[in-house]
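Work through the exercises below with the model open beside you. Each one gives a task, then a solution in steps.

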Amino acid sequence: MLRALILSVLFVLPAKAEEVVVGLSQNRVAITTNFDGSEILIFGAVKRETAISEDEPLEVVIAVAGPSEPLTVRRKEKRYGIWINTDAVEVDQAPSFYAVATSGPWTTVLKDIEDLRHHVSISRAIRSVGAEIEGSEAFTQALIRIREAKGLYQTNIGAVDLSEQTLFNTSIQLPANLTEGDYKARFFLTRGGNVVDTFETEIAVQKVGLERFLFRLSRDKPLIYGLMSLAIAIAAGWGASAAFRLLRN
Amino acid sequence: MQIYLPIAEVSVNAFLLLGLGGMVGVLSGMFGVGGGFLMTPLLFFIGIPPAVAVATEANQIVASSFSGALAHLRRRTVDLRMGTVLLIGGLLGAALGVQIFNALKAIGQVDLLVRLSYVVFLGIVGGLMFLESLRALRRSRAPGAKTTRRKHGLAHSLPFKMRFRTSGLYISVIPPIIVGVLVGILAAIMGVGGGFIMVPAMIYILGMPTKVVVGTSLFQIIFVTGFTTLLHATTNFTVDIILAVLLLIGGVIGAQVGTRLGARLNAEQLRILLSIMVLAVCGKLALDLLLQPSELFSIGASGGH
């Protein structure tokens, strides 16, 4: 589903030898009533003035992140014979969606210090400070595990195709249970695990049409929304009753 | 056909929802039950967040009980006075129930409360229904003397007496109000109309004649679930109108089929089938609580309201 190809115009920064130029198959994702996921194609090129450097191969890391929100992760324990929520850890910021794709093995594409600086890997993208419960690591691990199972967090090692150290492309699979917001797509060019250049763009994910209307109404005018729900229910109930009588006669 | 629910924020199959609505509709037509106590757990199973399932189901029950109550009003089998007294209790209970629901949501125990309520009530109702219909089957094979008792209980001795002409009762308003409050709390927490508790309570506690019980119960359920829907919509924003409409369409058609089927089949055997199904849903929910879950962790919104 290739819509308009939008090529981003880059400012020419003189200090850099290599720069990333990027295009997305779509920079808007519309959540319609029959939305069941979407795929975004990402492609780009490396712009350089000089010859390709020989020392270390060029690598590309692409990270797409949904809007962040604070969360509570709870753990169940057996109490009084049944499993109930006991301990909880507050996670300050966790993206609702996070996909990271690389052109090679994680250890070669990005040094740990660079990951720390740019928050690229999933565990670094989640911010959790001041967790008092010991072993809060297990809670963030669980958060990643649960969201990975739902396709909300993805680590796709080697999913970026890089040819001639110049052209690259990958695709990001967006699941059906997506939330609204501005999704940030970040691009990192690396050599020997060091970031050479970065680029950032946004993908707007929005409910549209009926979905948007109902969602906004339920938040902005909850009383009217509630009354509307009731009116529909009453009308349907009356309709059913009337149809019953018609059928019986 | 996948459909994205705007409030639940999940994508589900529209035909699955229509089918579920239809199936529960058939049952409600066949047995004269609201079906909320089966529908809400089924919604949990297909992955609708419990808070949305409970609030949306309340909205759906408004429709089915309105449709049923209209039929009873035409037959004059609604005790409006008793209904109003029960309703006053019911509204108080619903307001209380939503408060409890929100408080527990904030400390992350709402799932537990909803599931636990279901296990307890489905277990009791399913078990009683099963025993009752077994006994009835045995009785129909060996017909014996039918006993009728008229209890002169608590309802007659308490103050604030009131005359309920349609029911032919002269009792205190305190027991009906208490029954109303309790059922109202259940309606808000469990997303059910509460008919399956209300009907036995009216017969055994209030001593109302059986012929007005179902109509009166339906009459007050419309208002209690309607009020619950509004409260959930304005405080929790969890009523999903698209989900409700899909369930409604299935439910309305299913109920028509159900009444026709019910007229043809053996009532006692059907009742046993229903009770087995209720017990099966109860068992599944109980196992979820008793067995170690495969995922011990769960993610919730921070803080709460």
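**Exercise 1. Describe how helix 6 of chain A packs on helix 3 of chain B.**

Step 1: geometry. Helix 6 (residues 222–248) of chain A and helix 3 of chain B have axes 7 Å apart, at an angle of about 35 degrees. Axes are lines fitted to C-alpha atoms, for helices over the stretch in contact, and angles run from 0 to 180 degrees between N-to-C directions. Helices (H or I, at least four residues) and strands (E, at least two) are DSSP runs, numbered from the N terminus.

Step 2: conventions. This is a predicted model: local features need pLDDT of at least 70, side-chain atom pairs count only at pLDDT 80 or more, and totals for chains, interfaces and linings use all residues. Residues are numbered from 1 along each chain as its sequence is written, while chains are lettered from A and ligands numbered from 1 in the order in which they are written.

Step 3: handedness. The crossing of helix 6 of chain A with helix 3 of chain B is right-handed. A crossing is left-handed if the near helix is turned anticlockwise from the far one by less than a right angle, and right-handed if clockwise.

Step 4: residues. Helix 6 of chain A contributes residues including A:Ser229, A:Leu230, A:Ala233 and A:Trp238. Among the residues they meet in helix 3 of chain B are B:Asn59, B:Val62, B:Phe66 and B:Leu70. Two residues are in contact if their C-beta atoms, placed from the backbone, lie within 7 Å.

Step 5: composition. The contact of helix 6 of chain A with helix 3 of chain B has 11 nonpolar, seven polar and no charged residues. Ala, Val, Leu, Ile, Met, Phe, Trp, Tyr, Cys and Pro count as nonpolar, Asp, Glu, Lys and Arg as charged, and the others, Gly among them, as polar.

**Exercise 2. Repeat the analysis for helix 6 of chain A and helix 9 of chain B.**

Step 1. The two axes come within 8 Å and cross at roughly 145 degrees. This crossing is right-handed.

Step 2. A:Pro222, A:Leu223 and A:Tyr225 are among the residues on the chain A side. Their counterparts in helix 9 of chain B include B:Gly226, B:Leu230 and B:Thr234.

Step 3. This contact divides into six nonpolar, five polar and no charged residues.

**Exercise 3. How many residues does each chain give to the contact, and which helix of chain B gives the largest share?**

Step 1. Chain B gives 48 residues and chain A gives 47.

Step 2. On chain B, the elements that give two or more residues are strand 1 (2–4), helix 3 (50–74), helix 9 (210–235), helix 10 (241–264), helix 11 (267–290) and strand 5 (297–301). Helix 3 of chain B supplies the largest share, nine residues.

Step 3. The chain B side holds 30 nonpolar, 16 polar and two charged residues.

**Exercise 4. Trace the strand pairing in chain A.**

Step 1. An open sheet of six strands runs in the order 3-13-12-5-8-9, with mixed pairing. Strand 3 (28–31) and strand 9 (153–156) are its edges, each pairing on one side only. Two strands pair if DSSP finds at least two bridges between them.

Step 2. Strand 12 (residues 181–191) and strand 13 (residues 194–207) of chain A are antiparallel over 11 bridges. A:Arg186 has A:Glu200 as its bridge partner.

Step 3. Strand 6 (residues 68–79) and strand 7 (residues 82–95) of chain A are also antiparallel, joined by 10 bridges. They form a hairpin with two residues between them, and A:Tyr80 in the turn has a positive phi of about 50 degrees.
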